[in-house]
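I opened my notebook and went through this structure one point at a time. Come along and check each entry against the picture.

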Amino acid sequence: MGKGVSKAIDNIKNVIGPAIQGKDPTDQAAIDKVMIDLDGTSDKSKLGANAILAISIAVCRAGAAAKKAPLYKHLGDLAGNTEMLLPMPCFNVINGGVHSGNYLAPQEFMIVPVGASSFKEAMQMGSETYHHLKKLIQAKYGLKAANVGDEGGFSPPLSTFEDALDLLVSAIKDAGYTDKIKIGIDPASSEFFKNGMYDLNFKDPDRAGKELLSAEELAGLYTKFAQKYPIVFFEDPYEEESFSEFTKFTASVDCQVVGDDLLCTNPTRIKRAIKEKSCTTLLLKVNQIGSITESIEAVRLAKEAKWRILASHRSGETEDTFLADITVGLACGQLKSGALARSERLAKYNQLLRIEEELGAKSTFAGQQSRLV
Ligand code: PGA
Ligand code: ZN
């Protein structure tokens, strides 16, 4: 239906492959540059990010193999980073927005085990809370309500932010982790923004378009939530072109403000947001920018501005685990890879458990140094 990858594969076989054949796979920057130059567009639309990123990642793996180094270590070398940092995981346990079949407008409600002292412990705390949440949802909304959305979070028939936040607070309490697990929200506001207004009922055919909110009204809601609930970050609180609204909000709240659609992992947009103080955290999605070298550059820029880095999967995700290694190698410190369900989500968390085990005493867990704590 027009969304296949046969064109990307053709480009890999016939254009990119011949151009990089025989090159040294440890020279990631040189190979990425060959592909970027071959493409020649600012958004990689000629060869496609699908083709370029696939090769960029394959080259990275080949480079690690040639050096006989673990992938995360090789990525650390490429970025000039020696600290192998296990991230604070942010588990997306309630799915709404365009990721689910309920009427809930905000897209992601995450639990963040800030009280954990290792990645392994964070996994256990997240998992226990996820299962308590399942019980609560089934008791309140019935068995069917515990079906999961695109990122493995539950997708019960909720309609407001408060419905979701109250459920999370109860699940965290039932699991015995009050104060040790906090909450992150990604409303993905561009999805419910139309003609200058926000529609929190956009998915409900009976209520859509009837109670629209201005950016200021939305800010009022967010501020109220930040006071009432243990929220540690807001991602994309406004639609993606609202740099100045982001700036006002960032100055007014005491938690992290994450730029995803706002930044698109794009150095030009990141530089603007740094200058305008629009957010304090880069959401790193390697397939938004399309190569490993440019992802390293995006992280470098963000770190230079003293921002946090939240590495991220995509809702349409593969079983590949590269995300786990890049999160550790670039010392991102925070990661979102969905709920503790669906193997394309768990694959990354499992790889991180393996890395933590392999590094042993040499690993550091971001928990103790993350602003989220
Ligand atoms: P996407 O969602 O992969 O569908 O863009 C993830 C997010 O918004 O963070
Ligand atoms: Zn997002």
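Is Ala 8 buried or exposed? I found Ala 8 buried, because its relative accessibility is 12%; buried means under 20% relative accessible area, exposed over 50% and partly exposed in between, with a 1.4 Å probe and protein chains only.

**Ground rules.** I am working with a predicted model, where local features need pLDDT of at least 70, side-chain atom pairs count only at pLDDT 80 or more, and totals for chains, interfaces and linings use all residues. Residues are numbered from 1 along each chain as its sequence is written, chains are lettered from A and ligands numbered from 1 in the order in which they are written, and side-chain values use heavy atoms, leaving out hydrogens and water.

**Ala 8 again.** I placed Ala 8 in helix α1 (residues 6–20); helices are DSSP runs of H or I with at least four residues, strands are runs of E with at least two, and both are numbered from the N terminus. Setting aside residues up to four places away in sequence, I saw Ala 8 touch Asn 50 and Ala 51, where contact means heavy atoms within 4.5 Å. From the C-alpha atom of Ala 8 to that of Ala 19, 11 residues along the chain, I noted 15 Å.

**Val 299.** I found this residue in helix α11 (residues 292–304). Val 299 has a relative accessible area of 4%, so it is buried. Apart from neighbours within four places in sequence, Val 299 has Leu 282, Leu 284, Ile 309 and Leu 330 as contacts. Its C-alpha atom is 9.7 Å from that of Ala 311, which is 12 residues away along the chain.

**The zinc ion.** Which residues coordinate the zinc ion (ligand 2)? I listed Asp 186 (OD), Glu 235 (OE) and Asp 260 (OD), at 2.1 to 2.2 Å. Donors are N, O and S atoms within 2.8 Å of the metal (3.2 Å for Na, K and Ca), and water is not among the atoms, so sites may look incomplete. I wrote the donor spacing in sequence as D-x48-E-x24-D. Asp 186 in strand β4 (residues 182–186) and Glu 235 in strand β8 (residues 231–235) are 49 residues apart, so this pair links distant parts of the chain. Both Asp 186 and Glu 235 are buried.

**Whole chain.** I counted 13 helices and 13 strands in the protein chain. Of its 373 residues, 54% count as buried. The C-alpha trace spans about 60 × 50 × 40 Å along its principal axes.
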